[in-house]
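Subject: Handing over a structure

Hi,

Here is the structure I promised to pass on to you. Have a look at it first, and then read on for what turned up.

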Amino acid sequence: VWSPDGQRIGLQVGDVFTNRREYLVIEGQIPRSQLLPANELAERLYLPAPRRALYLTCLFQRDAHGSLAGTRTLWAWDTDLGQTRRLALPPHLRIASEGLVSPDGGLAAFLALDHDSPRWRLWLLRLADLHVEEASSPRDFSRFHRVRWMPDGRLVLTERAERLGQSPARL
């Protein structure tokens, strides 16, 4: 993945013998690289802001009924501090592959579900300070599969298609 300013590129690298995967971020005129650890299954890397990287990991576990369920974690990396931090979010996330970050680079938006609530909720992440908060809304976002930013700064929510081949609705 390329950063919007074209100054950084992120790659997923791995060892075929140990099946360990990490993200490698290369930046600057004089290339500098940084490995981002991914102790769980590395799913996607985002390079939204000049000094930040976000990456998504997934851990699969069997529940009490023996069904396989995935728990996603969103991580933030600060290049100035050289630190990776797990963001405090509910364990179930719906994150769009495109349009996660607002056009001005200030916010990320995604849907999340907590174990204590039956409803999916809209969450916002302020990239400047990595502050995460639930957007106050009476709306139940459970029917939506993804949320993403439009180029004009509006959010678009996409419903899940009920059947294969059906076009999802957008709001």
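Buried here means under 20% relative accessible area, while exposed means over 50% and partly exposed is in between, with a 1.4 Å probe and protein chains only. Strands, by the way, are DSSP runs of E with at least two residues, and helices are runs of H or I with at least four; both are numbered from the N terminus.

Before going further, please keep in mind that this is a predicted model, in which local features need pLDDT of at least 70 and side-chain atom pairs count only at pLDDT 80 or more, while totals for chains, interfaces and linings use all residues. Residues are numbered from 1 along each chain as its sequence is written, and side-chain values use heavy atoms, with hydrogens and water left out.

How confident is the prediction? pLDDT is the predictor's confidence in each residue, from 0 to 100. The chain averages 76, and 81% of the residues score at least 70. Confidence is lowest in strand 3, with a mean of 65, and highest in strand 11, at 88. Where pLDDT is low, the predicted coordinates should not be read in detail.

Now the overall picture. The chain has 13 strands and zero helices. Of its 171 residues, 38% count as buried. Contact means heavy atoms within 4.5 Å, and among contacts with a separation of 6 or more, 32% are between residues 24 or more positions apart.

Four strands make an open sheet in the order 8-9-10-11, with antiparallel pairing. Two strands pair if DSSP finds at least two bridges between them. At the edges are strand 8 (92-94) and strand 11 (131-134), each pairing on one side only. From one strand to the next, the twist averages 35 degrees, taken between lines fitted to C-alpha atoms, with angles running from 0 to 180 degrees between N-to-C directions.

Within that sheet, strand 9 (residues 107-113) and strand 10 (residues 121-126) are antiparallel and pair over six bridges. Ala-108 stands opposite Leu-125 in strand 10, and Phe-110 stands opposite Trp-123 in strand 10. On the strand 8 side, three bridges join strand 8 to strand 9, again antiparallel, and Arg-94 stands opposite Leu-111 in strand 9.

Which residues have the most contacts inside the largest nonpolar core? They are Leu-54, Leu-74, Phe-110 and Leu-125, in a core of 19 residues. A nonpolar core is a set of buried Ala, Val, Leu, Ile, Met, Phe, Trp, Tyr and Cys residues joined through side-chain atoms within 4.5 Å. Strand 5 (52-62), strand 6 (68-78), strand 9 and strand 10 each supply at least two residues of this core, and strand 9 gives the largest share, three residues. A second, separate core has 11 residues, including Leu-122, Phe-144, Val-147 and Trp-149.

Leu-125 deserves a click of its own. Leaving aside its neighbours within four places in sequence, Leu-125 is in contact with residues including Leu-54, Leu-74, Ala-108, Phe-110 and Leu-130. Leu-130 itself is in the loop between strand 10 and strand 11. Its phi is near 60 degrees, a positive value in a residue other than glycine. Leu-130 is buried, with a relative accessible area of 7%.

On to the rings: a search of the whole structure finds two aromatic pairs. Rings of Phe, Tyr and Trp (its six-membered ring) pair if their centres lie within 6.5 Å; planes under 30 degrees apart count as stacked, over 60 as edge-to-face and the rest as tilted. Why is the pair of Tyr-55 and Trp-75 called stacked? Because the ring centres are 6.2 Å apart and the planes lie at 15 degrees. This pair links distant parts of the chain, with Tyr-55 in strand 5 and Trp-75 in strand 6, 20 residues apart. Tyr-55 is buried, with a relative accessible area of 0%. Phe-141 and Phe-144 form a tilted pair, at 6.4 Å centre to centre and 50 degrees between the planes; Phe-141 and Phe-144 are both buried.

Finally, Gln-29 sits in the loop between strand 2 (20-27) and strand 3 (32-36). Is it buried or exposed, this Gln-29? Gln-29 is exposed, with a relative accessible area of 70%. Gln-29 and Gln-7 are 22 residues apart in sequence and 7.8 Å apart in space, C-alpha to C-alpha.

Cheers
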